[in-house]
Amino acid sequence: MSSLLLGRRVFIGTSAIAAASLSFPRLGFSQAATQTRLEWQQFKTTPQYASFLNALRKMKANTNAASSSSWAYWTNAHVNYCPHGTPYFLAWHRGYLHFLEQQMRLVSQDNTLSMPYWNYYKFPKMPVEFTDPTPGNPLYMPRTGTNVYNALTMSPFASGVWNFQHGTMNAFEPKIESAPHNPVHNLIGGAMATMTSPRDPIFFLHHANIDRLWHAWALPDGKGIPGTSNPYSASTSSPYWAGNFTYAPGLTMPRYRTYYPGWLNFGYSDNTKPTALPPLARANPDSPIKLVQAQAASLLTRPGTGDFPATAARAVSANQRSLGGVSGVVLAETSVSARLPLAASSLQMLQDTITVAARPPPQIPSGNFQSVVVVLDKLLLLGAGAKGGYFYNVYINLPFITDAERARRYFLGTVGAFEVAGAAHHGLAKLEYQATDVLSQLSAFELQDVTVSLVRISGENHPRGAVLKLGDVRIEVSTVPPWDASPRGRPGPCYC
Ligand SMILES: [Cu+2]
């Protein structure tokens, strides 16, 4: 450990908060006592509500994107700096929300204002204040959907999820990012299905809730977060917390400060993890979602297999080999499966790779294939597909009939307008899904062939017809370890 880190740890132990406020050169408020972020239903009954609207109006009216008093400044911070392909999804956003919270206090001249959160595990329908199209309502945005019931899952809170960050197995961060985080973006749609999602104020209530769920999961001892023994009171001496996050030119935060909410002087009114999905009756009672979800809760059948042209096995790079796949998968309302036509030699290579992956890393010769990735490549949003309002759960070798709980064993992640927009920086997008752990739980019998299933989940105003083209669906083996934190080895796509 460097002396710098050691010095920092000592520093935290003494007067971290008082001195840490020095790192806000552009934002004037000194750090006060810890303030509590409230759930929207409570928040809107407090004087903070008026301050929130006031700040939002003023900041949206400010057209100078170079000014931190403009809303565009914060949207650009997200577009330009939010982490892609790095393990700091949760930590970066914690700092981001904190800085905006400070700015909204400044603009509203209300030092008691805290960022509200939307607990959709209790209230899956978006608060009505956000859906009122009355001119001048700063909370309103055109959106495709407002009910996120179908984005919800209990899987990040399962007992087997003990690690924290991207790049480790059974980890909370990639799981909660994959769902409910990504599908909430997708089902709301509109700006929320794009990289400029912070244009929609609901973005911040969504991310405050994700941040709250992280804190709730980490309590009482910060389990799994690097550098912690009895965390939340311990040091952050791990190299994981070295360095800074950048949000805008001149606006940075030392990573370690995002480790614990109290170090940024905030807390939440509810620090508990969800224990169950909300009752269906609380979801939009007028919505067909209810029927879809009721069905999903009981049984899930493997979608019918489409007839797609095969693509041959080939070397993709020195470290990756495609074992084969299909091309031209067009997705619409109907769920579909794609059987990847793998030659016997490719299936053998797949089996061998999974066998190797099960060994402790020191026993794996470098250069050996040791991870398996499902690649959705040459992705293109079609027609109304870019507006969101839908997504697809991606499974590998889903049984012909199973229940929703067991289906998780075959779940790789989600794909929708939000993921594609995030990956499509230059032309066609590519998404990679780490499949090593899922496949290693399957029997040799189940590995006799490979089928990728895309199960459509629709919001209440979902687009009809073709929404997304998957130009190339393939399975690859790679020499990169499955839990490597690099983009290649990351367990699932990462978008903000
Ligand atoms: Cu997000």
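H6 and H7 are roughly antiparallel to each other, and the reason is the angle: their axes cross at roughly 160°. The class is set by cut-offs: under 35 degrees is roughly parallel, over 145 roughly antiparallel, 65 to 115 roughly perpendicular, and the rest oblique. Angles run from 0 to 180 degrees between N-to-C directions, and axes are lines fitted to C-alpha atoms, for helices over the stretch in contact.

Before I go on, two notes. This is a predicted model, where local features need pLDDT of at least 70, side-chain atom pairs count only at pLDDT 80 or more, and totals for chains, interfaces and linings use all residues. Residues are numbered from 1 along each chain as its sequence is written.

Back to the pair. H7 covers residues 202–218, and its axis comes within 11 Å of that of H6. Helices (H or I, at least four residues) and strands (E, at least two) are DSSP runs, numbered from the N terminus. H6 passes H7 in a right-handed crossing.

Who touches whom? On the H6 side we have Phe-172, Ile-176, His-181, Val-184 and Ile-188; H7 brings Ile-202, His-206, Ile-210, Leu-213 and Trp-217. Contact here is two C-beta atoms, placed from the backbone, within 7 Å. The tally is 8 nonpolar, 2 polar and no charged. For the classes, Ala, Val, Leu, Ile, Met, Phe, Trp, Tyr, Cys and Pro count as nonpolar, Asp, Glu, Lys and Arg as charged, and the others, Gly among them, as polar.

H6 also holds Pro-180. A cis peptide bond joins Ala-179 to Pro-180, with omega about 15°.

Now H5, residues 89–108. Its axis comes within 10 Å of that of H7, crossing at roughly 125°. H5 and H7 are therefore oblique to each other. This crossing is left-handed. From H5 come Leu-90, His-93, Arg-94, Leu-97 and Leu-100, which meet Phe-204, His-207, Ala-208, Asp-211 and Trp-214 of H7. By class that contact has 6 nonpolar, 2 polar and 2 charged residues.

On to the sheet. Four strands, open, antiparallel pairing, in the order E9-E15-E11-E13. Strands E9 (336–340) and E13 (411–415) are at the edges: each has a single partner, so one side of each lacks a neighbour in the sheet. Pairing takes at least two DSSP bridges between two strands. The twist averages 20° from one strand to the next. Inside, E11 (390–396) and E15 (450–458) are joined by 7 bridges. Phe-391 stands opposite Ile-457 in E15. Helix H6, residues 172–188, packs on this sheet, touching E11 and E13, and its direction makes about 20° with that of E13.

A hairpin next. E2 (244–248) and E3 (251–254) pair antiparallel over 4 bridges. Asn-244 has Pro-254 as its bridge partner. There are 2 residues between the strands, and Gly-250 takes a positive phi near 85°.

Which residues other than glycine have positive phi? One is Asn-265, near 65°, in the loop between E3 and E4. Another is Lys-378, about 50°, in strand E10. Asn-265 has 19 C-beta neighbours inside 10 Å, so it counts as partly exposed. Lys-378 has 16 and is partly exposed. The scale is buried at 20 or more other C-beta atoms within 10 Å, exposed at 12 or fewer, partly exposed in between, with C-beta atoms placed from the backbone.

Definitions and conventions: A crossing is left-handed if the near helix is turned anticlockwise from the far one by less than a right angle, and right-handed if clockwise.
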